Amino acid sequence: MTPVDPGRSPARLVVGVDIGNSTTEACLAVVAPEGSITHLATDLTRTTGVKGTPDNTEGALKAIRGALARAGRSAGQVETVLLNEATPVISGLAMETITETIITESTMIGHNPTTPGGEGLGVGTTRSIGELGEQQPGEPVVCVVPHGWDFDDVAATLNAAVAAGVDVVAAILAGDDAVLVTNRLERPIPVVDEVSAVEKVPLGMLAAVEVAAPGRTIRTLSNSYGLATVFELDPVQTRQVSPVARALTGNRSAVVVRTPTGDVTDRRIPVGELVLHGAGKTLRVDVDAGAEAIMEVVGRAQPLDDARGEPGTHVGGMLAQVRDTMADVMDIAGQPDVPVSEIAIRDVLAVDTFVPAEVRGGLAGEVALENAVALAAMVRTSRSRMQLVADLVSEGLGAAAEIGGVEGEMAVGGALTTPGVDRPIAVLDLGGGSTDAALLTREGECTAVHVAGAGELVTKLIDSELALGDRDVAEGVKWFPLGKVESFFHLRHEDGTVEFVDQPLSPHVFARVVVLTPDGPAPVPTRHGLDHVRRVRREAKRRVFVVNALRALRQVAPGGNLRALEFVVLLGGSALDFEIPDMIADALAPHGIVCGTGNVLGTEGPRNAVASGLVRAHAALLAEEARCRSR
Amino acid sequence: MPEQVTVPGPRPAVLVYRHPGTPAAVLRQVRAGVEEEGVPTDVVDVPGPDDATALAHAAAGESRLGVGIGLDASGTAAVHHGTLPERTPVAATPAEADPSDWRRAGRIAARVVKHLPLA
């Protein structure tokens with residue numbers, strides 16, 4: 001131990017603490033009086049509570065104690081805890097379908113049972129299998145078989161009816177028996193099975209059943225003029241049924257029943273206009289126009305003062321929903337509530353997406369792909385309560401705690417410890433709710449921006465586009481590479497390499513698309529192939545992070561010119577992603593920018609930038625004071 | 001009338017080893033499950049052991065598709081693959097199984113052959 005000179009202040013033990021949306025990070029270091037830093041340990045834990053609220057104290061203390069334990073120091077030795085001033089933004093998400101397919105009368109069964117029977121097209125009148133005996137010969141019949149019929153009995157009944165002269169041209173079954181029945185028929189007909197709501201199929205109506213050969217899709221019922229031919233429709237009626245044809249496209253089997261008042265509507269819900277106030281202008285854009293058009297207008301209204309949606313339309317509802325959520329987050333017990341009208345939306349990211357939605361009025365759980373728009377919105381808040389968190393941390397630890405600096409600036413400071421970087425340096429913090437950029441010029445000037453949309457939006461897009469309905473599964477698809485289990489002992493990775501395993505793979509992942517989590521392969525509950533899942537994942541990341549990286553960097557770059565940037569360092573949780581950094585680097589490469597994932601302190605990767613930046617800023621301050629004293 | 005027992009033919013098939021005490025309905029539904037998926041089955045009567053998993057394992061070893069089904073006197077159906085250890089079958093019907101469980105066992109065997117997800 002160096003003896004402490006009583007005339008000079010000794011080396012001080014300080015902890016930088018960064019409370020983020022999802023993780024809390026600590027950086028423990030000894031700062032010498034002249035400002036040199038010796039890093040001792042870092043730690044990382046989950047953030048407790050919503051960022052910027054007193055609930056954060058628990059996580060902050062845990063991270064501090066974790067770092068202390070690693071360095072073998074005690075809480076009593078800590079001189080100062082430095083906390084970040086939280087980025088003054090919170091973000092919200094909303095998603096709305098802008099089309100909806102409704103079958104107002106039971107007219108269509110367009111599902112894909114895995115094993116339909118027979119092949120071809122059969123057109124006739126729907127009759128229950130129970131009344132087949134009373135049927136007069138001659139008229140073509142589509143036989144409807146309810147639940148509870150055994151395949152041998154179905155086949156025997158159909159064979160008997162055909163022998164008696166009844167012209168059975170097709171069958172619709174409730175159970176999974178189509179192949180079994182077809183194999184036992186003397187005269188082959190197309191059979192569609194697994195129609196769960198078979199009792200809703202109207203009887204005595206003209207119906208068409210089509211089954212394509214394996215590997216093929218139906219040709220007649222997915223074609224508007226095919227439907228017109230089968231049902232002898234006039235041009236007006238043909239126009240009405242065209243959504244049916246569209247909804248059946250790509251199926252291997254389908255049933256269409258013509259009911260007198262039947263109607264499938266492809267309703268376009270009024271989406272409404274987004275009204276953007278900013279840069280002294282008020283600009284309007286129809287959300288129907290799509291994400292690209294919206295983002296172009298958002299770009300012209302920068303910096304945005306507020307965004308509103310037309311009341312009574314979808315976009316009005318979406319933005320109101322975002323505002324309400326944010327008002328709840330900002331409310332502080334004991335203080336007056338934040339009026340919703342005062343919440344100004346400072347950035348919007350629009351993303352085109354599609355949502356597989358169950359068709360209302362369908363008989364077999366038919367699914368139609370509906371267009372949708374996802375909006376991420378960001379709001380500024382002045383109500384950070386980090387000072388309160390600092391007071392609580394101080395109390396809990398028995399050491400002084402203070403707000404050490406603003407997040408963006410601190411992140412740049414931490415990023416500068418990455419080997420190989422220099423000023424001018426820009427950091428991109430790829431977070432959960434927002435994507436943040438900060439630029440430190442050669443002269444030491446720092447500017448920071450926050451744009452809406454980040455990891456949470458990616459998860460949401462994956463979840464809805466794959467119809468997973470499970471956020472955790474969607475997170476898995478986002479975080480881990482995919483594979484396909486090809487046998488009990490080998491799996492093919494998404495890059496095509498095949499891995500042999502020593503222990504047999506579980507039957508529940510057999511032949512499935514899986515995400516390769518550290519705990520082993522986990523199935524992705526989808527009928528889509530690996531390539532489709534991979535495309536959805538990469539597109540979601542590109543539409544959010546690549547778009548936002550460019551948007552945010554243009555806002556900090558001098559004159560909006562990306563060529564003026566030299567070093568871009570990626571930070572934050574999503575910088576740990578296995579492909580996002582590469583996607584951003586690819587997008588920036590044409591601008592002559594060096595871009596890569598940060599390696600804070602040369603050891604921490606993209607983590608701990610803000611915490612280390614806090615320590616650096618504090619050390620610089622101490623050095624400055626020391627210089628002043630020595631003069 | 002008992003289901004007809006087929007002799008292993010020249011084409012590859014899912015092999016079903018049936019204990020003589022197996023209820024006829026079990027064999028019928030299991031074979032229907034395989035047939036609905038478009039895969040052939042061959043059935044062999046095997047006197048013992050009276051244990052569906054052991055029978056399935058033996059059948060999978062003999063089947064040229066590597067997939068076997070064992071049916072025992074209690075009405076249990078087990079599905080096995082030639083590469084798996086004997087005590088870890090692909091699937092087995094629960095106690096108190098009903099016709100849909102037996103059908104599912106056949107379906108699973110066929111889907112192992114076809115390399116399709118089993119559920």
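**Contact between the chains**

The contact draws on 16 residues of chain A and 17 residues of chain B, two residues being in contact if their C-beta atoms, placed from the backbone, lie within 7 Å. Helix H3 (residues 178-183) of chain A supplies three residues, the largest share of the side of chain A that touches chain B. The model is predicted: local features need pLDDT of at least 70, side-chain atom pairs count only at pLDDT 80 or more, and totals for chains, interfaces and linings use all residues. Residues are numbered from 1 along each chain as its sequence is written, while chains are lettered from A and ligands numbered from 1 in the order in which they are written.

**Sheet in chain A**

- Five strands form an open sheet in the order S26-S25-S24-S27-S28 (chain A), with antiparallel pairing; strands (E, at least two residues) and helices (H or I, at least four) are DSSP runs, numbered from the N terminus, and two strands pair if DSSP finds at least two bridges between them.
- Strand S26 (498-500) and strand S28 (520-523) of chain A each have a single partner strand, so one side of each lacks a neighbour in the sheet.

**Nonpolar cores**

- The largest nonpolar core has 165 residues, of which Ala426(A), Val14(B) and Ile69(B) touch the most other members; such a core is a set of buried Ala, Val, Leu, Ile, Met, Phe, Trp, Tyr and Cys residues joined through C-beta atoms within 7 Å, buried meaning that 20 or more other C-beta atoms lie within 10 Å of a residue's own.
- H12(A) gives the most to this core, with 10 residues.
- A second, separate core of 49 residues includes Val145(A) and Leu173(A).

Notes. A residue is buried if 20 or more other C-beta atoms lie within 10 Å of its own, exposed if 12 or fewer, and partly exposed in between; C-beta atoms are placed from the backbone.
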